[in-house]
Amino acid sequence: MIIAYKYKLKPSPSQEITMTNWLSMLRSHYNFCLRDRISAYEQVKSPKLGNYSDLKTKAPCCPLTCSISDQSQLGEPFKKAGKKRNAYEMQSSELPVLKKARPWYKTIHSTVLQQNLRRLDTAFKNFFEGRGYPKFKTRQKFKSFSYPPNQVKLKENKIYFPSLGWMRFLNSRSIPDGFNLKTVTVRSLSDGWYVSIRIENQDIPQSKLKDLEQVKTAIGCDLGIKKLLALSNGELIENPQFEKRLSKRKTIRQRRASRKRIGSSNQKRAYAELARIEQKIVNQREDHQWKIAHHLVRKADVIILEDLNIQGMIRKCRAKQDENGKFLQNGQSAKRALNRLIRDCSWGNLKLKIQSVAAKFGCICLDVNPKFTSQKCSHCGHIQKENRNKERFLCLNCGFLADADVQASVNIAIQGLKTLGISHSKLLRVTEEVTPKPEMTGSSDREISVSLEVEPGNLQQLSLFEWVNGEAIPC
Ligand SMILES: [Zn+2]
């Protein structure tokens, strides 16, 4: 399995200047090559520079039979053996020419330049798989460069980057033995430089569930805003709302920065301060999410999540118009606050983290369609919208009473187990029995020992309570 380890770098002032210069140069190179690919495509679509010609006969021909520019106009279209190059190879063959014309590009290590082209290639690959057209990068969006495998060396608390030299780093977690070093990415964030080392570790997954018969526990998770996660064993994980906590300080810094003279160093400093607080929010959220992921993996062998359409949930409300074309209130201003809360939850990232930790420890993790999970009674299967009243679930058919989110997570768990083909009756009972997992190594040990701010199991037996004026009172 390939995992990434992140470390904070401690570059010398001269190294910092070099890396900043590199970023600036690589960004222009990226944008230049993107423009080249676009114009090459347009040339194929409607030729502006003359028609294509067959190289052997030099006769004009149709682009269908001979497309010399395979989405690139730079570089040599053919290899020595006469085989056609693809766009990456063509642009890569242009690099020596670029270095001759612009000698300052010689300071960048050649593999870094090639990786930069690979990055553009990946952007196009994503586009062909339906994930948006590559964009021109602004200075704010272009913050990293990478080295291919087998270029970077590690020695205690020092790391060697070709053309940059040895650099100290904060060795916050030790890299396990028996790893293969993969791509290494250097990234500039608001609070300094970081390196992300991708490692291929053969020992992962550390424990492997061989078949479904070994599964002892399963857990369903219902994602929410007030309660970030409601688990099918009755446990609730609250949402710390990191953005909201620091929103006051952020607003003050935003206002301060906006009032500085444009282009002044004071303004620069103020925006750097603002960026640091945004970074802090991200760091806090990520840390919390990793802890949740490890907590879940320790609880169960199968983790079942809901497959939410998050992009659809934060989409803007449609504009409302009356007969005369006048725009009416469409509730967008109220939706904006909700959207902000949804973004603060960062469910997508949380799911990714749960999936990756589950893969690491050999747990099964799957997504199910959450349709009707909050309206369906997990006891009798009765579906009715009125079953749910805010945070309370009362089945109008059989009278089953529970916390609405926990009840939804039970439904999710049942649905997921049905997909896997496991009988759910015994698995959903709250047991302490989990397939033993090996002790986690490195800093992950520390991550787990920190307890979550949640009292587990406080709502396990909610059905023994009676609801009076919206409060649960024991029967
Ligand atoms: Zn029922």
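Two residues are said to be in contact if their C-beta atoms, placed from the backbone, lie within 7 Å. By that rule, residues 24 or more positions apart account for 65% of the contacts in the protein chain with a separation of 6 or more. The structure is a predicted model, in which local features need pLDDT of at least 70 and side-chain atom pairs count only at pLDDT 80 or more, whereas totals for chains, interfaces and linings use all residues. Residues are numbered from 1 along each chain as its sequence is written.

The protein chain holds 12 helices and 21 strands, where helices (H or I, at least four residues) and strands (E, at least two) are DSSP runs numbered from the N terminus. Of its 475 residues, 24% are buried; a residue counts as buried if 20 or more other C-beta atoms lie within 10 Å of its own, as exposed if 12 or fewer do, and as partly exposed in between, with C-beta atoms placed from the backbone.

In soluble globular proteins, nonpolar side chains tend to be buried together. A nonpolar core is here a set of buried Ala, Val, Leu, Ile, Met, Phe, Trp, Tyr and Cys residues joined through C-beta atoms within 7 Å. The largest such core has 39 residues, and those with the most contacts inside it are Ile219, Cys221, Ile303, Ile304 and Ile354. Among the elements that give two or more residues to this core are β10 (218-223), α7 (265-299), β13 (302-306) and α11 (404-420), and the largest share, eight residues, comes from α11. Ile303 touches Ile219, Cys221, Leu296, Ile354, Ala358, Cys363 and Cys365, not counting residues up to four places away in sequence. A second, separate core of 25 residues includes Leu74, Ala87, Ile108 and Leu164.

Buried residues of α7 include Leu274, His288, Ile292 and Leu296.

Turning to the sheets, strands of a sheet pair through backbone hydrogen bonds, either parallel or antiparallel; two strands are taken to pair if DSSP finds at least two bridges between them. An open sheet of seven strands has the order β4-β8-β9-β1-β7-β6-β5, with antiparallel pairing. Its edges are β4 (144-147) and β5 (153-155), and each has a single partner strand, so one side of each is left without a neighbour in the sheet. Strand β4 pairs with β8 (residues 179-189) over four bridges, and there serine 146 has threonine 185 in β8 as its bridge partner.

An open sheet of three strands, also antiparallel in its pairing, has the order β17-β18-β19, with β17 (388-389) and β19 (401-403) as edge strands. Three bridges join β18 (residues 392-394) to β19, and arginine 392 stands opposite aspartate 403 in β19. Helix α11 lies across β17, β18 and β19, running at about 95 degrees to β19, where axes are lines fitted to C-alpha atoms, for helices over the stretch in contact, and angles run from 0 to 180 degrees between N-to-C directions.

Finally, lysine 320 lies in strand β14 (residues 320-321) and is exposed, because 12 other C-beta atoms lie within 10 Å. Leaving aside neighbours within four places in sequence, lysine 320 is in contact with Phe327, Leu328 and Asn330.
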